[in-house]
Amino acid sequence: MLYEVAQSLLVNVKAPLKLKSWGLKLAKKKGNKKAFIAVARKLAMIMHRILIDKKDFCDQ
């Protein structure tokens, strides 16, 4: 599921996000599939940190 969310984030989302720009740079270097996996992993790490800290997510 995280892979699909990452793919949707990089392909469909129009808003400027740091995670999206990072993923698009990675896609140019390594290819889309590896970028989707890297973004999915980073999303998992963000979600884990949110659960541990019990704070809201803020992409700045």
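Before you start turning things around, one convention: a crossing is left-handed if the near helix is turned anticlockwise from the far one by less than a right angle, and right-handed if clockwise. This is a predicted model, so local features need pLDDT of at least 70 and side-chain atom pairs count only at pLDDT 80 or more, while totals for chains, interfaces and linings use all residues. Residues are numbered from 1 along each chain as its sequence is written, and side-chain values use heavy atoms, with hydrogens and water left out.

**Whole chain.** Show it as a cartoon: you get 3 helices and 0 strands (DSSP runs numbered from the N terminus, helices being H or I of at least four residues and strands E of at least two). The order from the N terminus is α-α-α. The radius of gyration, taken over C-alpha atoms, is 12 Å, close to the 10 Å of the globule rule (2.2 Å times the number of residues to the power 0.38) for 60 residues, so the protein is as compact as a globular protein of that length. Along the principal axes, the C-alpha atoms fill a box of roughly 35 × 20 × 20 Å.

**H1 and H3.** Now select residues 2-11, which are H1, together with H3. Their axes (lines fitted to C-alpha atoms over the stretch in contact, with angles from 0 to 180 degrees between N-to-C directions) come within 8 Å and cross at roughly 110 degrees. H1 and H3 are therefore roughly perpendicular (65 to 115 degrees), and H1 passes H3 in a right-handed crossing.

**H2 and H3.** Next, pick residues 18-30 (H2) and 32-53 (H3). Here the axes come within 7 Å and cross at roughly 150 degrees. That makes H2 roughly antiparallel (over 145 degrees) to H3. This crossing is right-handed too. On the H2 side, Trp22 and Leu26 are among the contact residues; on the H3 side, look for Ala38 and Leu43, among others.

**Lys20.** Last stop, in helix H2. Is Lys20 buried or exposed? At 13% relative accessibility, Lys20 counts as buried (under 20% relative accessible area, with a 1.4 Å probe and protein chains only). Leaving out residues up to four places away in sequence, Lys20 touches Leu9, Leu10, Val13, Lys14 and Ala15. Across the protein, buried residues make up 22% of the 60 residues.

Methods:
Parallel < 35°, antiparallel > 145°, perpendicular 65-115°, else oblique. Contact = heavy atoms within 4.5 Å. Buried < 20%, exposed > 50% of the residue type's maximum accessible area, 1.4 Å probe, protein only.
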